[in-house]
Amino acid sequence: QTMSFSYKMPLPRPSLSLFAWMPGFVPKGLRNMELRYLPANLSYSTRANRRRQSSFQASDVNLVTGKIDTTFQEDFRLDENYSVKLTPLPGISSDYSLRVDRDLRKKFDLQKMSFGREVGRNQKADVNFNMRFIKWLDQNYTFSATYEENSDPANRRAQAIIDTISGNPIKTRDINTKNDLSARFNMKVPTLLKSIGKPGTGSKKSSRKRGKQDVDPGEQESQREEEKQEAEKPNQPFFVRRLLHFSGGFLEPVTATWRRNTTARSFNLVERPSLLYQLGIDDSLRVEKRGQGLTQQDAWSRTRSLEMGSGMRFPLGISLKANYNEKLEHRSGSTQTRMRVRKEQRFPRMTLAWGRADRIPLIKKIVNSAQANVSYERSKHSEGEGSLGPRDLITRGRGQEIRISWNGRWRFGPSTNIERVYSSGTDLDFELVSKADSMTISPPLRGSSSQDRMTTTFKVRHNLKPRSLPLFGKLKSNV
């Protein structure tokens, strides 16, 4: 038996002008900003599913009654979904969704408005903010919080927890949380430089025209000769501004992305955490726990990453791109009292690309389009117990990679990709120093390893023309 119901509430879209009273020198976008205080979307849906199953075997005969023993199984579930969307101001949007799973086999009574017991919950909240008040700078901020809860005793792998006083099983729940906070910036350097170096209009001529009435007739002829000489010269700005305007045609925008990701998993909670913890605003879990096992241990991790990049364009289709990447991770170890810290950094990370590699005189006769790339990357990483100090280091390593590739399409059909990669790295492993040992400054070396690798990849692909065959139609194939 299946039942479903859904409803989407039609809501008006009234608005309230907050800054219409401001004077005229305030930007027009701010004065025309309107607040929409009602949700843009509000919906509800539910689905109920009931299944009964009976099974028996002919060999299971009761010797007393002479009847076959039958096993009955019933599943009666109800899923509820709530969703809300808000767009209060231009550039700001938020979404909230909640799903509740209920077991209706017990505590189900329509007269008492009792709809079973809740066995699961899944909710997600998103906030997105795009700020474009500055013409040459785009900003985007996002926040996402996911909360999952499971309190169904049928899905528990561990043994049920029994109250030692009453002897009844304790109802516990397991939760998973994931929070993501990010900020993205796109600085349009070409637009900024071209606006700074934009040629302006001179004001000498207008000032001289306004002062012609006060000038003697003998000096008017000399002023006219100077005006003719200035009219022949082009009206150009200062050489620094000209340089900025010229460089704006070769630079690419500067992008930066900062992200923080937090994940947590907790078992055997007696109560549901606070709403602030579910939405990722509060990091402290102030809930009592009962029981702890080897296979169900709480885990927590937080990762912060920063990535920046930009590039330059040169004549003949040559471009240069540079990137910087840094990642810092904190996670719980085998026990909650231990914390592992790992840091990865990649810099410099540069790529030189030539998109017109088919313009070489001898090659352009046999190659239709080609591109050549050369990239160089250096990286280093370290991991420690509690911190990345000299006494707490566990591993430390460095590496570098050089990648050379060429891909092109031949005029007679096939495409070719050739890649050569040189990579090398060194890793050092250290032993942990006891906290009682205050004389040791750096941990003793336990071992080291190094590797040098060279990889060559050669690929050729050719798409054959479709062939029409009876009963089969057009066949497409490639080699």
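Contact here means heavy atoms within 4.5 Å of each other. With that in hand, take threonine 395. Leaving aside its neighbours within four places in sequence, threonine 395 is in contact with Ser382, Glu383, Leu428, Asp429 and Phe430. I will come back to this residue.

Some ground rules. This is a predicted model, in which local features need pLDDT of at least 70 and side-chain atom pairs count only at pLDDT 80 or more, while totals for chains, interfaces and linings use all residues. Residues are numbered from 1 along each chain as its sequence is written, and side-chain values use heavy atoms, with hydrogens and water left out.

Now the chain as a whole. It holds 6 helices and 19 strands. Both are DSSP runs numbered from the N terminus, with helices being H or I of at least four residues and strands being E of at least two. Of the 479 residues, 22% are buried. Buried means under 20% relative accessible area, exposed means over 50%, and partly exposed is in between, with a 1.4 Å probe and protein chains only. The chain exposes about 33500 Å², and carbon and sulfur atoms supply 54% of that. Such areas come from the Shrake-Rupley method with a 1.4 Å probe; for residues, only the protein chains shown count as cover. Among contacts with a separation of 6 or more, 61% are between residues 24 or more positions apart.

Next, strand pairing. Two strands pair if DSSP finds at least two bridges between them. Strand β6, residues 92–109, and strand β7, residues 114–134, pair in the antiparallel sense over 14 bridges. One place to look is arginine 99, whose bridge partner in β7 is asparagine 122. The hairpin of β6 and β7 has 4 residues between the strands, and in it methionine 113 takes a positive phi near 55 degrees.

What follows β7? A hairpin of 2 residues joins β7 to β8. Strand β8 covers residues 137–150, runs antiparallel to β7 and is joined to it by 13 bridges. Here phenylalanine 129 has tyrosine 141 in β8 as its bridge partner.

Further along is another set of strands. Strand β13, residues 339–354, runs antiparallel to strand β14, residues 367–385, with 13 bridges. Lysine 343 has serine 382 in β14 as its bridge partner. Then β14 and β15 pair in the antiparallel sense over 17 bridges.

Is threonine 395 buried or exposed? Its relative accessibility is 18%, so it counts as buried. Isoleucine 402 also has its place in β15, which spans residues 393–410. At 33% relative accessibility, isoleucine 402 counts as partly exposed. It belongs to a nonpolar surface patch of about 500 Å², together with Leu352, Val374, Ile404, Tyr422 and Met454. Patch residues have over 30% relative accessible area and no salt bridge; like charges are joined within 9 Å, and nonpolar side chains (Val, Leu, Ile, Met, Phe, Trp, Tyr) within 5 Å. A salt bridge is a side-chain nitrogen of Lys or Arg within 4 Å of a carboxyl oxygen of Asp or Glu.

In soluble globular proteins, nonpolar side chains tend to be buried together. Which residues make up the largest nonpolar core here? They are Tyr147, Ile175, Ala264, Leu269, Tyr277 and Val287, 6 residues in all. Such a core is a set of buried Ala, Val, Leu, Ile, Met, Phe, Trp, Tyr and Cys residues joined through side-chain atoms within 4.5 Å. Beyond four places in sequence, leucine 269 has contacts that include Ile175, Leu285 and Val287.

Now some backbone geometry. Most residues other than glycine have a negative phi, and most peptide bonds are trans. Asparagine 268 is not a glycine, yet has a positive phi of about 55 degrees. It is found in strand β10, residues 254–269, and is buried at 4% relative accessible area. Leucine 316 has a positive phi of about 65 degrees. It lies in the loop between β11 and β12 and counts as exposed at 61% relative accessibility. There is also a cis peptide bond between phenylalanine 347 and proline 348, with omega about -5 degrees. Proline 348 lies in strand β13.

Last, asparagine 478, in the segment after β19. It counts as partly exposed, at 42% relative accessibility. Asparagine 478 and histidine 462 are 16 residues apart in sequence and 5.6 Å apart in space, C-alpha to C-alpha.
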